[in-house]
Amino acid sequence: MSKILKKLILIMNLDCRHAAGLMSQGLDKQLSIPEKIALRLHLLICQACRRYRRQLNVLQRIFHHLAQTDSYDKIALSIFSAERLKAFRQRLLKNL
Ligand SMILES: [Zn+2]
């Protein structure tokens, strides 16, 4: 299968779980152009994933803020946030 055909299949077949995975990956690394296109097209038609992306952006801002707090606060909030984030992410993925 040609590389271009594989990219087209990715764009046309992106489901919510894959879209959520790409959004999470996009926080840590640069997505490829086909991944970006597939995700943008999916976000155009999927309200649940748009909501998930907004929530990820809120969490990203919270963690950015945590990175700038004092170390004691950072440790306490990180433990709290890690537990909350895990539960939050599981609830979100269950609703997709
Ligand atoms: Zn979706």
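Guide: A nonpolar core is a set of buried Ala, Val, Leu, Ile, Met, Phe, Trp, Tyr and Cys residues joined through C-beta atoms within 7 Å. A residue is buried if 20 or more other C-beta atoms, placed from the backbone, lie within 10 Å of its own, exposed if 12 or fewer, and partly exposed in between. This is a predicted model, in which local features need pLDDT of at least 70, side-chain atom pairs count only at pLDDT 80 or more, and totals for chains, interfaces and linings use all residues. Residues are numbered from 1 along each chain as its sequence is written.

Visitor: Which residues form the largest nonpolar core?

Guide: Seven residues form it: Leu14, Ala19, Ala20, Ala38, Leu39, Cys49 and Tyr52.

Visitor: What does Ala19 touch?

Guide: Setting aside residues up to four places away in sequence, Ala19 touches Leu14, Leu39, His42, Cys46 and Cys49. Contact requires C-beta atoms, placed from the backbone, within 7 Å.

Visitor: Turning to Phe63, is Phe63 buried or partly exposed?

Guide: Phe63 has 14 other C-beta atoms within 10 Å and is therefore partly exposed. Phe63 belongs to helix H4.

Visitor: How many residues apart in sequence are Phe63 and Ser81?

Guide: They are 18 residues apart in sequence, and their C-alpha atoms are 8.6 Å apart in space.

How values were computed. Contact = placed C-beta atoms within 7 Å. Helix = DSSP H or I, 4+ residues; strand = E, 2+ residues; numbered from the N terminus.
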